[in-house]
Each structure stands twice: as C-alpha cells, then as structure tokens.
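Here is a protein structure to go through by question and answer. Each answer sets a value against the definition of the term.

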Amino acid sequence: MLEIFKKTLQKTTQNIRDLLPKTQKRISKEELEEILIATDMDYDLLEMILSPLGDEISRGELEVALSRLFRGESYYDKVQTKITNDKPNVHLIIGVNGAGKTTTIAKLANLYKKQGKSVILGAGDTFRAAAIEQLKLWGERLNLPVIASQIGHDPSAVAFDTITSAVAKNLDIAILDTAGRLHNQSNLQQELQKIMRICNKAKAGAPHQKILILDGTQGTSSLDQAKIFSQTLGGIDGVIITKLDGTSKGGAIFSVIHTLRVPILYLGVGENADDLIAFDEKEYITTILDSIFDTTQTS
Ligand SMILES: Nc1nc2c(ncn2[C@@H]2O[C@H](COP(=O)(O)OP(=O)(O)OP(=O)(O)O)[C@@H](O)[C@H]2O)c(=O)[nH]1
Ligand SMILES: [Mg+2]
C-alpha cells in the first residue's frame, strides 16, 4: 500500500525534492514552511503546525504535529467514518462541476461489487444529457443497474426511484449522482436539500453517506466550496479527493481534514474504475516525511 501512496503522491514529493535536493535529519522552520506551502498547505494551518516547534525540526516532531490534524478534540479521538447497517445504504455524491463525481461513483460501485455487494446507480444529474449517458455507460461497463430519467426532469424523482428500486430488489447500496453545481446559486442549494428530503422519504435515514468529491488539482482553493456544501447539507460524512495522480498539491489534504473535520475516505488516482485507493493517514504522512527527511534517521 505504501508503494501505491508513494506513486500517487509522486508529483507532490517531486515538488518537495526540487526544493530540497537532499533529504535531511533536521530541517529549518523556514525551509519547511517553503516546502509545505509549495504542496499547497494552507498558510494559517501551516503557522498553527509550525509555531509550537523549534527552529530546527526533526522527523518525529513533524510526524506528531501532522498526525494531530487527523484527530478530533483530543489527540486520541480520531476523526471516524460513520457506520450504518441500513440496507440499502444510500450514498449521495456531491461536488462542483468536473470534480470527478460521476467517475468516482463508477469507482466506488466497482469496489463494492468486488466486495460482493449489490449496487444500483441513480443518474441524478438531469441538467446535462451527457451526464445521464456517462453514468449509463459506466453501468453497462460494470454490469450494474442505472435508474435514469430525461434531461430537465426533477433529480429528486430519480433519487426516489433509485432508492425504492433498491428497497424492492433488496440491494445493498444505492449511489446517487448529482449535477455539478455552483455553490452560490441558492436555487441549486435548495434543490440539493430537496433531494435529501426525498431520499429520507424513500427510506428513513437516507442519505446515509453524503460524500463530497473534491478535485485534488484545485488544492486549498476548493475548501470554500466544500464549506458551503457542508452547510447546505447539514454536514457531510466523508470526502474523496480526485486527480491526485496529476497534481503537486498533495499537501492540501491536510487542509481539507483540518477545515472539514470529516474522514477522507478514498483518493482518486486515475480515470479507470480501479483507480481508487483507500486513504490511509499514516501512509500519507510517511510519504511526505520520507521526501523531506533522511530515512536512515527516525527521530
Ligand atoms: N487523472 C484523473 N482524472 C480523473 C479522476 N477522476 C475524474 N477524472 C476525470 O475528470 C473529468 C471529470 O470527471 P467527471 O467524473 O465527469 O466529473 P463530474 O464531477 O461528474 O463532472 P460534472 O458532471 O460535469 O459535474 C473526466 O475526464 C474524468 O475522467 C482522477 O482521479 N484522476
Ligand atoms: Mg458528472
């Protein structure tokens, strides 16, 4: 797994190496600041992490400081994934235009299928005909049912039909696509809220997982949108960060967890159905630390 993480974050670690040609035993605060900014870690967060540390920082010190970001109120209180045993478990996938929602739905469905779970998809992006077709195509490729309506139809109706179909067929998971929408369009926010209400009508407790898709190439600039989505939906349950294969902004992951305080579930690392890896905070931190510090020295 660590190898996969290293490969995924290759552009980020290369970016670090370009700034720091030789790994070190201790690093000065100035150098570290420059490196973390280059990976697109948000400046306020950077200050928060670095200010309690001395001028020369060791790997162990930085490791503790970064690990703390993945905790809740206390160091021992990890940010956890919500567990629900409801069937169908309804996932509502949200995020701005082009973030990678539809592709990520295919990846998630593929993963669940491999785990032996039954899955149905709902083409809730009814704004664009191509969006409906895109999901249908993935359904064909993965041999999964897709509930779709016509362009311009109410996406809540698609959500309702998908969930009732999942209930009728006793399926494990229903994944709903939504339109990539601009967060400042209040009518669209209302529409998302309506989808949520209708989900709950179709199945009490749904949607069980509100998953926000963030485009990794956007770095910290996607955080403002993320906050608005979270407010609109009364909180989100998890984040998937896409396109990490093509960006040097891997440090933004720290800012995402720090700002949203929800688990990062997976990382998208390509355009195929298999290009999804489970997020692992330890491996992520190790990958970043290995690119900065001399690995023969551990403290
Ligand atoms: N390299 C790479 N490309 C990705 C990844 N995820 C998605 N893409 C590509 O990004 C583009 C947009 O992905 P979509 O899944 O259509 O995004 P969306 O959020 O559904 O977009 P809209 O429906 O327009 O809102 C497509 O060309 C995808 O193939 C990823 O993890 N890595
Ligand atoms: Mg889409």
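Q: What is the bridge partner of Asn89 in strand 6?
A: The bridge partner of Asn89 in strand 6 is Ile173. Strands here are DSSP runs of E with at least two residues, helices are runs of H or I with at least four, and both are numbered from the N terminus. The model is predicted, so local features need pLDDT of at least 70 and side-chain atom pairs pLDDT 80 or more, while totals for chains, interfaces and linings use all residues. Residues are numbered from 1 along each chain as written, chains are lettered from A and ligands numbered from 1 in the order written, and side-chain values use heavy atoms without hydrogens or water.

Q: What makes strand 3 and strand 6 a pair?
A: Two strands pair if DSSP finds at least two bridges between them. Strand 3 and strand 6 have 4 bridges, in the parallel sense, and therefore meet that definition.

Q: Which other strand runs parallel to strand 6, joined to it by 4 bridges?
A: Strand 4 is joined to strand 6 by 4 bridges, and the two run parallel. Within this pair, Ile120 has Ala174 of strand 6 as its bridge partner.

Q: How do strand 3 and strand 7 pair, in what sense and over how many bridges?
A: Strand 3 (residues 89-94) and strand 7 (residues 209-215) pair over 4 bridges in the parallel sense. Ile93 stands opposite Ile211 of strand 7.

Q: Why are strand 5 and strand 10 called edge strands?
A: The open sheet has 8 strands in the order 5-4-6-3-7-8-9-10, with mixed pairing. Strand 5 (146-147) and strand 10 (276-278) each pair on one side only.

Q: Which strands does helix 6 touch?
A: Helix 6 (residues 101-114) packs on the sheet and touches strands including strand 3, strand 4 (119-122) and strand 6 (173-176). Contact means heavy atoms within 4.5 Å. The direction of helix 6 makes about 170° with that of strand 6.

Q: What makes both faces of strand 6 count as covered?
A: Ile173 and Ile175 on one side, and Ala174 and Leu176 on the other, are all buried. Buried means under 20% relative accessible area, exposed over 50%, and partly exposed in between, with a 1.4 Å probe and protein chains only.

Q: Why does Asn143 count as exposed?
A: Its relative accessibility is 63%, so Asn143 counts as exposed. Asn143 lies in the loop between helix 7 (129-142) and strand 5, and has a positive phi of about 60° although it is not a glycine.

Q: Where is Asn170, and what is its phi?
A: Asn170 is in the loop between helix 8 (155-168) and strand 6. Its phi is positive, about 60°, although Asn170 is not a glycine. Most residues other than glycine have a negative phi.

Q: Why are helix 2 and helix 12 called roughly parallel?
A: Helix 2 (residues 10-19) and helix 12 (residues 281-292) pack at about 25°, with axes 9 Å apart. Angles under 35 degrees count as roughly parallel, over 145 as roughly antiparallel, 65 to 115 as roughly perpendicular and the rest as oblique. Helix 2 and helix 12 are therefore roughly parallel. The contact is made by Thr12, Thr13, Ile16 and Arg17 of helix 2 and Thr287, Ile288, Ser291 and Ile292 of helix 12.

Methods:
Axes are lines fitted to C-alpha atoms, for helices over the stretch in contact, and angles run from 0 to 180 degrees between N-to-C directions.
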